[in-house]
Amino acid sequence: DVGLVGFPNVGKSTFLSRVTNARPKIANYHFTTLNPNLGVVDLEGTGGFVIADIPGLIEGASEGIGLGHEFLRHITRCKVLVFVLDMAGSEGRDPIEDLQNLRTEIKLYSEDLAKQPWFVVANKMDLEGAEDNLASFRLRFPKVDVVPLSALNGDGIAQLKSKLDQLVGYKFVH
């Protein structure tokens, strides 16, 4: 139902482990995730829904670079795309540039996929520089829906569940 999309080492697997019972391999190096990890968000009175942690994309994924086609193929069945960004800019990443590159790769791969509902998770908000980067990001993308989060310490998880509830259409028990 939900696909987590982002560059390597932005916290997708940590995020998945926070909102589901999945226990993906989590490590501080690129391409820790080589195959999609699935987790179910259990909801009282329903079957819940599935979140797919897609291996990190790299520029050129739409052309098949870095197993890009294989990774992108996994998100074609998702109802909602969640772009997970390292808002702290650790490893020299620029969250503004990252979103632009990820959206471009999705669009080049599939116009239909680019039209799916999506929003941004501004992850790593517990790190220095994240607040300033988030302010700049919001100025650059004022219409983009952003949920600030620290997957590491769990801050923002309730807001995120509320957002997923709106987009996926299931009701969360708070």
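Two strands pair if DSSP finds at least two bridges between them. Strands (E, at least two residues) and helices (H or I, at least four) are DSSP runs, numbered from the N terminus. The structure shown is a predicted model, in which local features need pLDDT of at least 70, side-chain atom pairs count only at pLDDT 80 or more, and totals for chains, interfaces and linings use all residues. Residues are numbered from 1 along each chain as its sequence is written, and side-chain values use heavy atoms, with hydrogens and water left out.

**Select the whole chain.** The protein chain contains 6 helices and 6 strands, arranged along the sequence as β-α-β-β-α-β-α-α-β-α-β-α.

**Select residues 118-123.** This is strand β5; 5 of its 6 residues are buried, so the strand is largely enclosed by the rest of the structure.

Strand β4 pairs with β5 in the parallel sense over 6 bridges. Which residue in β5 stands opposite valine 84? It is valine 121.

Strand β6 runs parallel to β5, and 3 bridges join the two. Here valine 146 in β6 is the bridge partner of valine 120.

How values were computed:
Buried means under 20% relative accessible area, exposed over 50%, partly exposed in between (1.4 Å probe, protein chains only).
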